[in-house]
Amino acid sequence: MELRAIGVEGLPEIEEGMALGELIAARAELRNGDVLVISQKIVSKAEGRVRRLSSAIPGAEARKLAAVLGKDPALVELILDESKEVLRAERGVLITETHHGFVCANAGIDTSNLPEEGTACLLPEDPDASARRIRAEIIGAGGGEPGVDLSRQKRGVSGEAHPRLPPTVALVIADSFGRAWRLGQSEVAIGCSGLQALDDWRGRNDAHGRELEATQIAVADEAAAAADLIRAKDSRTPAVVLRGLDRFVTSEDGPGAAALRRPAQEDLFR
């Protein structure tokens, strides 16, 4: 068993309105069963989710939190706009639950890797919907044939006709999240399509025959983290192909990364 990670090079600076799936398919060596992991930042840019800080008018709550935390009041206003609840605000850290249901710092808003000063990047409004759309663009860029080996078609490789198979290219949108009990950030999946996000081992046996009662593998999160290991934050490589995870790739879009969010009634820390 082998897992390979291959960076997709040559992508331009992403601007609003660009078709990410088409851009990536033209540059990636994609095969059936591949998992394509892309950064949240390029999705947000393409969807016009970049805001000027000067466009945010801080309200009373934003000004109060900004004074306590030492943050820009305009940035705090954007964070509050993207949040349904503030969970923690202390020691310079603002943790919120976003309208998507993500629990993260600053509602996932980031000011790094943006070409213009004084701007901030918001999370996509619906990352799973974004993943489904981009996946469809990638499949469409293969000539509309479901199940086509896109890399062979792009290079014009001759040979037998491709069989008509269900689409088997998965798409993961990844973003950096902190961990409550660990130092450092790790990439997690905020959106995905065509991938079994959770591998549920409950009721199955371990290597010694004992029944597992709680094990669920966060496949989409682990794919996001694996892809990040071959790209630096300043590398301008926002897309990575993972090869070797085809057992988790599905023809259907599936429930997406929403399947990874813990239900509120199971949250022991709030």
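This is a predicted model: local features need pLDDT of at least 70, side-chain atom pairs count only at pLDDT 80 or more; totals for chains, interfaces and linings use all residues.

Q: How many strands form the open sheet with mixed pairing, and in what order?

A: As a general idea, strands of a sheet pair through backbone hydrogen bonds, either parallel or antiparallel. Here, 5 strands form an open sheet with mixed pairing, and their order is 1-12-2-8-9. Strand 1 (4-7) and strand 9 (182-193) are the edge strands, each pairing on one side only. From one strand to the next, the twist averages 30 degrees.

Q: How many bridges join strand 1 to strand 12, and in what sense do the two run?

A: Strand 1 and strand 12 (residues 239-243) run antiparallel and are joined by 4 bridges. Two pairs of residues can be located in the structure: A5 stands opposite L242 in strand 12, and R4 has R243 of strand 12 as its bridge partner.

Q: What does strand 12 share with strand 2?

A: Strand 2 and strand 12 are also paired, in the antiparallel sense, over 4 bridges. Within this pairing, I38 has A239 of strand 12 as its bridge partner.

Q: Are the two faces of strand 12 covered or open?

A: The general rule is that side chains in a regular strand alternate between the two faces of the sheet. In strand 12, A239, V241 and R243 lie on one side, with V240 and L242 on the other, and all are buried, so both faces are covered.

Q: Why does S39 count as buried?

A: Burial is judged by relative accessible area, with under 20% as the cut-off. S39, whose place is in strand 2, counts as buried because its relative accessibility is 9%. Leaving aside neighbours within four places in sequence, S39 is in contact with I173, A174, R231 and P238.

Q: Why is helix 7 described as largely enclosed?

A: A general point on helices comes before the count: an α-helix has 3.6 residues a turn, so residues three or four places apart point the same way. In helix 7 (residues 219-228), 7 of the 10 residues are buried, and the helix is therefore largely enclosed by the rest of the structure. The buried residues are V219, A220, A223, A224, A226, A227 and D228. They pack against strand 2, strand 8, strand 9, strand 10 (198-200), strand 11 (216-218) and strand 12.

Q: Which strands make up the open sheet of 3 strands, and which of them are at its edges?

A: This open sheet has the order 4-5-6 and antiparallel pairing. Its edge strands are strand 4 (83-90) and strand 6 (103-105), each of which pairs on one side only. The twist averages 25 degrees from one strand to the next. Strand 4 and strand 5 (residues 93-98) run antiparallel and are joined by 6 bridges; E90 has V93 of strand 5 as its bridge partner.

Q: At about what angle does helix 3 pack on this sheet, and which strands does it touch?

A: Helix 3 (residues 60-69) touches strand 4 and strand 5, and its direction makes about 25 degrees with that of strand 4. Helix 4 (residues 73-81) lies across strand 4 and strand 5 too, running at about 130 degrees to strand 4.

Q: How many residues line the second largest pocket, and which of them lie nearest its centre?

A: In general, rolling a probe the size of a water molecule over the atoms shows where empty space is left. The second largest pocket holds about 270 Å³ of space. It is lined by 14 residues, of which I14, K45, V50, P115 and E116 lie nearest its centre. The lining divides into 4 nonpolar, 2 polar and 8 charged residues. Strand 3 (residues 50-52) gives the most to this lining, with 3 residues.

Key: Residues are numbered from 1 along each chain as its sequence is written. Side-chain values use heavy atoms; hydrogens and water are left out. On a 1 Å grid over the protein atoms alone, a cavity is a set of points where a 1.4 Å probe fits but cannot get out, and a pocket is an open set with protein on both sides within 12 Å along at least five of seven lines; lining residues have an atom within 4 Å of a point. Grid points are joined across faces, edges and corners, and a volume is the space filled by probe spheres set on the points. Ala, Val, Leu, Ile, Met, Phe, Trp, Tyr, Cys and Pro count as nonpolar, Asp, Glu, Lys and Arg as charged, and the others, Gly among them, as polar. Two strands pair if DSSP finds at least two bridges between them. Axes are lines fitted to C-alpha atoms, for helices over the stretch in contact, and angles run from 0 to 180 degrees between N-to-C directions. Contact means heavy atoms within 4.5 Å. Buried means under 20% relative accessible area, exposed over 50%, partly exposed in between (1.4 Å probe, protein chains only).
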